[in-house]
Amino acid sequence: MSATLFNTLNVHYSIPNTSPRKLPPKKFTIYCNSPTTPPNVTDPHKKNPSLSDQLKPLSTTTLSDTPKKDQTPNTPLLNKPKSTWVNPTRPKPSVLTLQRHKRSPHSFNPQIRDLRLFARKLNDSDNSESAFLAVLDEVPHSPTRDNALLVLNSLKPWQKAIAYFNWVKTQNLFPLETIFYNVTMKSLRFGRQFQLIEELAYDMIKNGVDLDNITYSTIITCAKRCNLFDKAVEWFERMYKTGPMPDEVTYSAVLDVYAKLGKVEEVMSLYERGRASGWKPDPIAFAVLAKMFGEAGDYDGIRFVLQEMKSLGVEPNLVVFNTLLEAMGRAGKPGLARCLFEEMVAAGIEPNEKTLTALVKIYGKARWGRDALQLWERMRSNGWPMDFFLYNTLLSMCADLGLEEEAETLFEDMKGYKNSRPDSWSYTAMLNIYGSGGKVDKAMEMFDEMSNLGVAINVMGCTCLIQCLGRAKRIDDLVRVLEVSIERGVRPDDRLCGCLLSVVSYCEGEDLEKVLSCLQLANPKLVDFVKLLGEEDTSLETIKEEFKDILNDTAVEARRPFCNCLIDICRNRDLHERAHELLYVGTVFGLYPGLHTKTTEEWRLNVRSLSVGAAHTAFEEWLGTLTKLVKHQEPLPPLFLATTGAGTHKFSQGLASNFDVHLRKLNAPFTQNEEKPGIFVATREDLVSWVESSAPSLAVTA
């Protein structure tokens, strides 16, 4: 036995973490004597026309070889999908076989017990070559075809399967048939070893071993599991060129691959061709379609899936219902999601944790707090399964809707379950609720409880607590919370820096220095820029360049809040001119899209996304521009509107009320609309009369 069975490759595989708990990555060294590069082999026996040839009429009218530059992966269908009609007199060429690949019959083997014991020894042996060879020397019977196949099929670790396959190959006792490669590939697929599977496939082609439906299905599904979607498409195309027709399982897997690539039109073309071939999709195939349309937010597509299932008499299972619910949520259809859930329960299908979590998310996004809480009570009364993901989703919904009492009940209920103890995100939701509601003492009690129980605080929980302490002017507690959080591994992000910057805007004296020292730990550039704003000799160009550097290092979603807070800081220090400069710079950098809109009937100022100080500054700037237009007798629309938003959230800070006070201070001719809160209106006549009668200076103290 001179041949080497184990040739080391520098390939490692990390087992993905599929459970909520983090597991350390496990690394294995792969042993294989397959060629490292695929041979340049072509199969002379071309059995079928290529997929592209079969779909040529479709590709010229519907499909594109490459996605358009402006096409995103979640592009919805341009037209509503239609059910497939097949002309019985001119059927199209079939693109799949309706017969599953038949398994090879197993003959009775009287040596089965000895061989399974031997396979168990191989499974339990070390991964070293010497240990593996030592066990192989104890083989109880000669390695005939049936004996070798039985042992290979009993090996669970993919490292042992490929090693034993190579050993059988070196013995050269009998020709290796397709089934040997298929069994080895399935073991490698379990370990997500696509590179080795592909090498085995090329080895089959080189040695003239036929690749059957199971071979191609294994290759394609492994590529899909490894997120190598282009490879899956490549082997699917090769299957049509040189191999057998795909069966229903392979066809469904390829539909999923195209869906994950965002190729909606290609998926629908393949679906229609399959249906035209007499294929009756199973629930898994419909789940693929539902997920694809759901991610695109395409409600027409979701409705098409439901209609197709109904017309074919396919009863949706739990997986399909879950997928459809998630799709309804993405499409923004909470009412239809509720009806679908009731239909599922009426059909006798018991929801699982994923079902209920998806429905709670939908209700929370739609702000249907009452429906979500009724669902929770229904879960408890029916004994439906609940895990900590579901509890945390409910807690987050309560935090978004300001349902403090309900959240406290949920939190205490969660403590009573052994398998659903509150984790870091559970405490974060409670900190968010107490912090938003100004319940400082309760928030600090929650923080101390986390420390005593050893629950890690995350950056979001730290941000909620610091925001609450800043509003309550408990700066010493704020400093302590930040220092403790950093010691426990919290890394300040842009959102936390924005929170500290907001606290800076309303602090003075010694408290201001304490908060700036905290901000110095998180983002020294921001501290330097705040000091730069207070220097009289700082030019607009300097402000523009320095602020640009800060924004380049800041996440996109935090850039506008940074500018808002900096404007607030300037206004609270009576630096009104500097505040207007910052608003100008922010507008130039695209931080305030949609601030101004104009039609022939109205001009509108939208300050919904601005802070109080930034909204005041934007209105003053707008009013100054309108005054100049009136004086120059420029054409004006009949109506002017300033929109602040109604602030209906329980914990809303009341931009509309602050804005109203500022309008009164300016004596501006805008009045709040009684029917639509958060909208301030002025007519052209009122504005012209106001300018002509007073034309006051807009440099008014906030």
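**Rings and helices: a short tour**

Hi everyone, let me start with a group of side chains: Trp603, Phe619, Trp622, Phe640, Phe659, Phe670 and Phe680 are joined by ring pairs into a cluster. Please keep in mind that this is a predicted model. In total, the structure holds 21 aromatic pairs, and I'd like to walk you through two of them.

A pair of aromatic rings is described by how far apart the centres are and by the angle of the planes. For Phe411 and Tyr427, the centres are 5.1 Å apart and there are 80° between the planes, an edge-to-face arrangement. Where do Phe411 and Tyr427 lie? Phe411 is in helix H20, residues 404–415, and Tyr427 is in helix H21, residues 424–436, so this pair ties together parts that are 16 residues apart in sequence. Are these two residues buried or exposed? Phe411 counts as buried, at 2% relative accessibility, and Tyr427 is buried with a relative accessible area of 2%.

Now back to the cluster, which includes Phe619 and Phe659. Their ring centres are 5.3 Å apart and their planes are at 80°, so the pair is edge-to-face. Phe619 belongs to helix H31, residues 612–631, while Phe659 belongs to helix H32, residues 655–666, so the pair ties together parts that are 40 residues apart in sequence. Phe619 is buried, with a relative accessible area of 0%, and Phe659 counts as buried at 1% relative accessibility.

The charged end of Lys598 sits over the ring of Trp603, 4.3 Å from the ring's centre. Elsewhere on our tour, Lys333 has its charged end over the ring of Tyr299, 4.8 Å from the centre of that ring.

Let me finish with a pair of helices. Two packed helices are described by the angle between their axes and the distance between the axes. Helix H22, residues 440–453, packs with helix H24, residues 475–487, at an angle of about 25°, and their axes are 13 Å apart. Why is H22 called roughly parallel to H24? The angle is about 25°, and angles under 35 degrees count as roughly parallel, so H22 is roughly parallel to H24. The crossing of these two helices, H22 and H24, is left-handed. And which residues meet there? From H22 come Met444, Phe447 and Asp448, and from H24 come Arg480, Val481, Val484 and Ser485.

Methods:
Residues numbered from 1 in each chain as written. Predicted model: local features only at pLDDT ≥ 70, side-chain atom pairs only at ≥ 80, totals over all residues. Heavy atoms only, no water. Phe/Tyr/Trp six-rings, centres within 6.5 Å; stacked < 30°, edge-to-face > 60°. Helix = DSSP H or I, 4+ residues; strand = E, 2+ residues; numbered from the N terminus. Buried < 20%, exposed > 50% of the residue type's maximum accessible area, 1.4 Å probe, protein only. Lys NZ or Arg CZ within 6 Å of the ring centre and 35° of its normal. Axes fitted to C-alpha atoms, helices over the stretch in contact; angles between N-to-C directions. Parallel < 35°, antiparallel > 145°, perpendicular 65-115°, else oblique. Left-handed = near helix turned anticlockwise from the far one by under 90°. Contact = heavy atoms within 4.5 Å.
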